[in-house]
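Welcome, and please have a look at the model below. A short tour of its helices follows.

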Amino acid sequence: MNLFGKWHPGLMRRKPQTASSRDVHFEAEAASGLDELQTRLNQWSDLWSQDTDPAIRTAAQKLVAERLARWIERCFGQHVESALRGKGTPISLASSTPIFTAFLGRRATRELSRRVLQDI
Amino acid sequence: MNEAELRIAPGNCSATADVIWRALKGLQSLCNRVGTEDEGVIGLARRGWNNIAAQQVHRRRDASMDAQSARERTIEAYQLHAGVLLAYSHRLTRDDALAQDALQETFLRYFLALAQGEDIRNVRAWLHRVAHNYVCETLRSARIRTAVSLEDAGEERLRDERSMPDADRAADWIDAARQLLAPREWQCVQLRAEGFDYTEIATELAIRPGTVGSLLHRASEKLRIRLRKKEGSA
């Protein structure tokens with residue numbers, strides 16, 4: 001790709017483009033962040049569908065459930081929150097996503113999930 | 001009106017619930033007209049939600065994936081695109097820490113989108129758009145007064161190639177071009193220099209591919225005229 005060379009011959013690249021030292025630097029720096037991302041993703045994917053018994057939940061799982069309940073209450077009201085809870089199945093991000101998506105839209109739901117899982 | 005109805009009545013609830021309230025009233029009147037047994041607004045709401053949830057879960061089960069698959073796909077995407085995306089974020093922020101944050105945040109959002117069943121066709125364009133939005137939001141919220149405009153990929157490359165005799169001239173020329181072009185035209189040129197094709201640029205800027213062609217053509221014409229004038233005066 002030689003966009004600028006199209007406008008002025010002086011800007012034409014003389015050599016075929018190869019990966020510059022800067023690109024290699026960014027590749028290496030990005031690779032160093034993979035471990036952090038993997039740790040985060042492992043936690044988040046475990047918390048996504050909380051199908052464990054409420055009695056043996058971890059602190060993180062309880063926190064997510066609390067935040068989620070607060071969001072449901074804030075968006076739909078207290079009565080709906082208790083009605084959904086009354087179905088017997090525990091509220092999780094996986095089970096509440098369709099409802100949030102239906103009423104709030106995809107982007108808002110993504111933002112909501114991010115806030116629920118924030119700092120975990 | 002029973003107690004349940006009172007709790008979500010307009011005035012007692014948020015704007016979102018107010019919209020839902022009005023929708024449910026409409027639904028109730030429709031059910032009454034077609035002869036459905038009146039089970040109250042909350043009963044209808046519960047049924048409606050269950051139906052919506054069931055439909056969406058059913059529809060998404062085929063198209064989407066569980067959290068584990070989303071995690072694996074996110075890691076695959078990271079290995080493919082992280083280097084380019086970090087370079088892009090760095091060009092936007094000029095800050096190593098913020099660029100790293102943008103990278104992590106972009107891929108976490110990618111994971112959430114996949115887990116929610118979003119169908120992302122062009123992963124590269126999607127990641128670039130989310131990274132760009134994240135950087136803009138962060139800079140805006142931190143009230144950092146630095147220019148949020150994109151730094152040109154071409155500029156970076158040319159700065160790397162300091163041995164080139166035209167490097168200084170090219171940097172001046174790029175500054176002049178930035179002032180000459182409209183923001184949207186300049187953004188198209190930048191993304192084109194980044195290696196994006198017309199469709200990807202269109203996706204990122206939320207415009208039609210034809211418009212991308214027009215913007216690039218207009219930019220090209222402006223630059224050509226400017227260059228001719230400059231050479232004529234020299």
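## Helix α10 of chain B

In chain B, helix α10 covers residues 198–205, and its buried residues include B:Glu200, B:Ile201, B:Ala202, B:Thr203 and B:Glu204. Here buried means that 20 or more other C-beta atoms, placed from the backbone, lie within 10 Å of the residue's own. Helices are DSSP runs of H or I with at least four residues, strands are E runs of at least two, and both are numbered from the N terminus. After α10(B) comes B:Ala206, with a positive phi near 55°.

## About the model

This is a predicted model, in which local features need pLDDT of at least 70 and side-chain atom pairs pLDDT 80 or more, while totals for chains, interfaces and linings use all residues. Residues are numbered from 1 along each chain as its sequence is written, with chains lettered from A and ligands numbered from 1 in the order in which they are written.

## Chain A and its helix α5

Chain A has 6 helices and 0 strands. Of its 120 residues, 27% count as buried.

Helix α5 of chain A (residues 93–104) buries A:Leu93, A:Ser96, A:Thr97, A:Pro98, A:Ile99, A:Phe100 and A:Thr101. Just past α5(A), A:Gly105 has a positive phi of about 95°.

## Where α3 meets α6

On the α3(A) side, A:Val64, A:Arg67, A:Leu68 and A:Trp71 meet A:Leu112, A:Val116 and A:Leu117 of α6(A), contact meaning C-beta atoms, placed from the backbone, within 7 Å.

Methods. A residue is buried if 20 or more other C-beta atoms lie within 10 Å of its own, exposed if 12 or fewer, and partly exposed in between; C-beta atoms are placed from the backbone. Two residues are in contact if their C-beta atoms, placed from the backbone, lie within 7 Å.
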